[in-house]
Amino acid sequence: MQKQPILIAPSILSADLLQLEKQVKTLTENGADYIHVDVMDGHFVPNLTFGPNMVKALKRITNVPLDVHLMISNPDAYIEAYARAGADILTVHQEACTHLHRTIQSIHNQNVKAGVSLNPATSLSTIENVLDDIDLLLIMTVNPGFGGQKFIPQGLKKIAKARKMIDTEEHDILLEVDGGVDNQTVESIVQAGARVLVSGSAIFGRDDIVKAMKQLKEKAENA
């Protein structure tokens with residue numbers, strides 16, 4: 001299988017919401033591959049963030065894919081709303097889905113790509129039986145709920161194991177990593193096998209967000 005390119009997905013969780021339109025346009029015009037939208041419900045994770053209206057608004061200002069990460073309980077109830085709003089990828093948590101295969105089918109029925117995310121303590125064995133059905137696998141390398149957390153080093157073994165699972169069966173799946181992705185961790189994350197890199201504070205926390213994004217991508221591509 002041909003090696004997948006490195007894709008950068010800036011997470012608007014760390015953006016300046018008063019400058020959101022400007023920041024998103026600036027990043028997408030300068031090479032951002034996705035825009036990552038962290039949806040939190042204050043129940044599955046201890047925070048509240050964005051609803052479908054945010055996705056709809058982002059769709060009006062950018063043509064890059066919207067990578068919508070549903071960190072919510074009962075995601076099945078909201079799939080249609082986020083798909084209608086303009087999500088290009090909808091990622092749900094294995095831990096939040098009673099019938100994961102059915103949830104993945106529901107996403108695909110909306111003509112949206114389906115992703116599954118795993119928390120740091122969740123085994124890859126829990127998604128082995130749906131690898132034929134998903135478009136993206138998201139490995140969390142922090143416990144979800146807040147931006148700016150430090151990378152959990154044990155995540156590297158999990159990323160490498162996921163890469164092997166995907167490649168052994170030649171699954172056409174993007175391997176994404178979210179949590180503590182910055183200039184200090186990105187090389188080891190890519191060497192372990194990640195191809196889509198979600199980064200929030202390492203990009204939006206810098207004065208020059210374009211320079212920060214390009215530095216991150218350069219390090220990733222040289223890893």
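1. N74 counts as partly exposed, at 46% relative accessibility, where partly exposed is the range between buried (under 20% relative accessible area) and exposed (over 50%), taken with a 1.4 Å probe and protein chains only. The residue sits in the loop between β3 (66-71) and α3 (79-85), and its phi is near 50°, a positive value in a residue other than glycine. Helices here are DSSP runs of H or I of at least four residues and strands are runs of E of at least two, numbered from the N terminus.

2. The basis of these values should be kept in mind: the model is predicted, local features need pLDDT of at least 70, side-chain atom pairs count only at pLDDT 80 or more, and totals for chains, interfaces and linings use all residues. Residues are numbered from 1 along each chain as its sequence is written, and side-chain values use heavy atoms, with hydrogens and water left out.

3. E170 also has a positive phi in a residue other than glycine, near 55°. Its place is in the loop between α5 (155-168) and β7 (174-178), and with a relative accessible area of 57% E170 is exposed.

4. Is D67 buried or exposed? D67, which is found in strand β3, has a relative accessible area of 0% and is therefore buried. Leaving aside neighbours within four places in sequence, D67 is in contact (heavy atoms within 4.5 Å) with A9, Y34, I35, H36, V37, I89, T91, E176 and V198. D67 and L18, by comparison, are 49 residues apart in sequence and 21 Å apart in space, C-alpha to C-alpha.

5. Helix α1 (residues 20-29) packs against helix α2 (residues 52-61) at an angle of about 50°, with the axes 10 Å apart; axes are lines fitted to C-alpha atoms, for helices over the stretch in contact, and angles run from 0 to 180 degrees between N-to-C directions. The pair is therefore oblique, the class left over when angles under 35 degrees count as roughly parallel, over 145 as roughly antiparallel and 65 to 115 as roughly perpendicular. L20, E21, V24 and K25 of α1 make the contact with M54, L58 and I61 of α2, and these residues divide into five nonpolar, no polar and two charged, with Ala, Val, Leu, Ile, Met, Phe, Trp, Tyr, Cys and Pro counted as nonpolar, Asp, Glu, Lys and Arg as charged, and the others, Gly among them, as polar.

6. α1 and α8 pack at an angle of about 40°, with their axes 10 Å apart, and are therefore oblique to each other. Q23, T26 and L27 in α1 meet I209, V210 and M213 in α8, a contact that divides into four nonpolar, two polar and no charged residues.

7. V68, leaving aside neighbours within four places in sequence, is in contact with V37, V39, V55, Y82, A87, I89, L90 and T91. In soluble globular proteins, nonpolar side chains tend to be buried together.
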